[in-house]
Amino acid sequence: MKVQMRHKTTRPHSVHRKGGAATLSLLGISFLATSAAAEPCEDLKVLSLANTTLEAVEPVAAGAYTPPGTTSPISNLPAFYRVRGVTSPVPGSKIGFEVWLPQTGWNGKLQMFGNGGYSSAIPYSDLGALLRTGYATVGTDTGHTGDDPDFAIGKPESIIDWGHRAVHESVTKAKVITSVFYGRPARYSYFSGCSTGGQQAFMEAQRYPDDFDGIIAGAPGHNRTHLNAGFLWQFIQNHPPQNNESQIIPSSKLALIAKSALAACRKQNGAEAGGLATDEYLNDPFSCDFDPAAIQCKSGDGSDCLTASQVDALKKMYAGARNPRTGKQIYFGWPVGSENSGLANPKLPGWSLYWADPKNAAVPSRLNFWQHWAFDNPNWNWWDFDFDRDMEAVDARLAPVINAMDPDLEQFRRRGGKLIHYHGLADPVVPALDSVSYHGRVLEHQAQRLEEQPGSTQVARQTGDFYRLFLAPGLEHCRGGPGANVLKVQEALENWVERGVAPDQVVATRSVNNAEAQGVAFSRPLCPYPQKARYDGKGKPDDAASFICVADGPRRNLPNPAPEYLR
């Protein structure tokens, strides 16, 4: 299957209206609009967008609504118009999108939400949540149907759609639809996504810097070829050679490992690591020197210790994927403290969610990615994978299309865009070091532009004027975990974009029993990296107001993939 590369440019769209007299301009595109007396819904029904069909333009009454193809109703919605469209910018592409437009009380803003994994599911609950507060909202199916990488079999353009094109094409159409419906363009446009949605967020800032005024990128799976190589590395290190059935470290021991790691490094909490000494998670897993040999069995095996082979496998998984010929780092290992995805609930899968296929533990996670995207070979054998030769071939084929690694955000900065990037330090799916690495490379790019050193005050200030990274101790992948795991990011972004107030911290809360209805258990400020939240010693320890953001002390050199694996 041949995957065609797309360049970091946008393609002009031809848009026109049938009938009407007045002319409106949106994004440099002209179209005709009917008189102000016309019904907005009727305007949309006669709207013509190039290579696009509006399959549904329908009013939805206030109350509960169950979107087509779903079974769970979304409650307490205002009356709105639902617009369902399909656009095909190139032959072989078919991108579905939805725009929800409040019938009254529009706040003048357009909000798009990202997707998860390889799923085509539009995040309807997210669309509904902000629709309730007056936003026009947008979602896309990323150009396919299903939730597994095998959607691309015989459809190479769908990989490009998923990689970056679908979000851009969808929001471009949504802006026109919104402008026609309300008779004026949105004052502000925003994007928010986590995981694959975080990857989409980076793609937008890098490739299509004019699409959004503000972007939220959570736990981005943006180094996609290497993320999947990391999952594959976990599988191979956790099995005897050529043995798919026997795990060296069983999932049942992940809780032991996480508990032992916390015990070994918890003494750092409340000091240089930030937070409180009583926190049930690591505030700075990067500084934790947990040695798995400390819990090695004296003899034999047991539920409270690791065998020698288990210790060896765990060390390799912490170290991350490496080139066997050169020894160079290909991808990060998963951090200490993420093994069991939160001690508060030992039944959560943690690493075991992706160290093998959740539906078939005898094969690696994302098997179809390797079979159909990377090698176009349904009989591909993971035991034959060469982390030297094959990694280079996979990157050559896919990295230009699906990896969002470009640190050049200059166009986004110049047009006034703002980017908030966050990542949980207990994330068992995407290592938080991947986000730290990208932030560092953006600093390096800005340093080159300013002819300064990456660590200079000027570089930090100018980068912080448009892009800030927030690390969240105890947060798992996008949500959950024993730390403060509900982030007030949207409010912070809009204050930054609309009022010029840069976020010196983002408040995060944790609910009692992780149930919002039971109230807030505690709150913490998340600080712009590399700052950390430190207790002031005076206020209530469960209140974010009792913490201050302080500059991080001397930091060890963190691992980073070799330059050839950062593309």
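## Strand pairing, a buried helix and a pocket

Ser511 is positioned opposite Val520 of strand E18. The model described here is predicted.

The two strands concerned, E17 (residues 506-511) and E18, pair in the antiparallel sense over 6 bridges. Another facing pair is formed by Thr509 and Ser523, the latter lying in E18. Both strands belong to an open sheet of 3 strands, ordered E16-E17-E18 with antiparallel pairing. At the edges of this sheet are strand E16 (486-487) and E18, each of which pairs on one side only. Although E18 is an edge strand, 5 of the 7 residues in its run (residues 520-526) are buried, so E18 is largely enclosed by the rest of the structure.

The length of H4 agrees with expectation: at 1.5 Å a residue, its 12 residues should span 16 Å, and its end C-alpha atoms are 16 Å apart.

Asp210 lies in the loop between H4 and strand E13 (214-218). Leaving aside neighbours within four places in sequence, Asp210 is in contact with Lys175 and Arg415. Asp210 and Arg415 are 205 residues apart in sequence, yet their C-alpha atoms are 7.2 Å apart in space.

The second largest pocket has a volume of about 880 Å³. It is lined by 33 residues, of which His439, Gly440, Leu443, Tyr529 and Pro530 are the closest to its centre. Helix H11 (432-450), helix H12 (457-464) and strand E15 (467-472) are the elements that give two or more residues to this lining. H11 gives the most, with 8 residues. The composition of the lining by class is set out below.

| Class of lining residue | Number in the second largest pocket |
|---|---|
| Nonpolar | 13 residues |
| Polar | 12 residues |

How values were computed
Residues are numbered from 1 along each chain as its sequence is written. This is a predicted model: local features need pLDDT of at least 70, side-chain atom pairs count only at pLDDT 80 or more; totals for chains, interfaces and linings use all residues. Side-chain values use heavy atoms; hydrogens and water are left out. On a 1 Å grid over the protein atoms alone, a cavity is a set of points where a 1.4 Å probe fits but cannot get out, and a pocket is an open set with protein on both sides within 12 Å along at least five of seven lines; lining residues have an atom within 4 Å of a point. Grid points are joined across faces, edges and corners, and a volume is the space filled by probe spheres set on the points. Helices (H or I, at least four residues) and strands (E, at least two) are DSSP runs, numbered from the N terminus. Ala, Val, Leu, Ile, Met, Phe, Trp, Tyr, Cys and Pro count as nonpolar, Asp, Glu, Lys and Arg as charged, and the others, Gly among them, as polar. The expected span of a helix is 1.5 Å times one less than its number of residues. Buried means under 20% relative accessible area, exposed over 50%, partly exposed in between (1.4 Å probe, protein chains only). Two strands pair if DSSP finds at least two bridges between them. Contact means heavy atoms within 4.5 Å.
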